[in-house]
Amino acid sequence: MNNTPDWAAYLAQMEQILALELDDARRAELLTQFTRIAAMSAPLMAFPLDDRLEVAGVYKA
């Protein structure tokens with residue numbers, strides 16, 4: 001199973017949802033940035049957490 005995000009598909013979907021029209025240069029730069037962000041966050045996302053670790057509290061008014 002491939003867990004690598006398809007950033008091009010994600011951007012295409014966001015363009016449609018947000019009614020944006022990105023030019024090729026802007027789209028290419030966003031693809032570069034999303035790829036960089038994913039690479040930087042990979043070690044943090046892979047960090048194992050204890051199943052019993054409490055999650056942050058939820059504010060209720």
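## Aromatic pairs

The structure, a predicted model, holds three aromatic pairs. Rings of Phe, Tyr and Trp (its six-membered ring) pair if their centres lie within 6.5 Å; planes under 30 degrees apart count as stacked, over 60 as edge-to-face and the rest as tilted. Trp-7 and Tyr-10 are edge-to-face, because their ring centres lie 5.8 Å apart and their planes stand at 90°. These two residues are three apart in helix H1, which means a separation of about one helical turn. Helices here are DSSP runs (H or I, at least four residues), numbered from the N terminus.

Trp-7 is partly exposed at 22% relative accessibility. Tyr-10 is partly exposed too, at 33%. Buried means under 20% relative accessible area, exposed over 50%, partly exposed in between (1.4 Å probe, protein chains only). Tyr-10 also pairs edge-to-face with Phe-34, at 5.6 Å centre to centre and 85° between the planes. Tyr-10 sits in H1 and Phe-34 in H2, so this pair ties together parts 24 residues apart in sequence. Phe-34 has a relative accessible area of 24% and is partly exposed. Trp-7, Tyr-10 and Phe-34 make up one aromatic cluster.

## Packing of H1 and H2

H1 spans residues 7-17 and H2 residues 24-46. They pack at about 125°, with axes 10 Å apart. Axes are lines fitted to C-alpha atoms, for helices over the stretch in contact, and angles run from 0 to 180 degrees between N-to-C directions. The two helices are therefore oblique to each other. Angles under 35 degrees count as roughly parallel, over 145 as roughly antiparallel, 65 to 115 as roughly perpendicular and the rest as oblique.

From H1, Trp-7, Ala-8, Tyr-10, Leu-11 and Glu-15 meet Arg-27, Leu-30, Leu-31, Phe-34, Thr-35 and Ala-38 of H2. Contact means heavy atoms within 4.5 Å.

Glu-15 lies in H1. Its relative accessible area is 12%, so Glu-15 is buried. Beyond neighbours within four places in sequence, Glu-15 contacts Leu-20, Glu-21, Leu-22 and Arg-27.

Ala-19 is in the loop between H1 and H2. Its phi is positive, about 55°, although Ala-19 is not a glycine. Ala-19 counts as exposed, because its relative accessibility is 67%.

## Basis

Residues are numbered from 1 along each chain as its sequence is written, and side-chain values use heavy atoms, with hydrogens and water left out. In this predicted model, local features need pLDDT of at least 70 and side-chain atom pairs count only at pLDDT 80 or more, while totals for chains, interfaces and linings use all residues.
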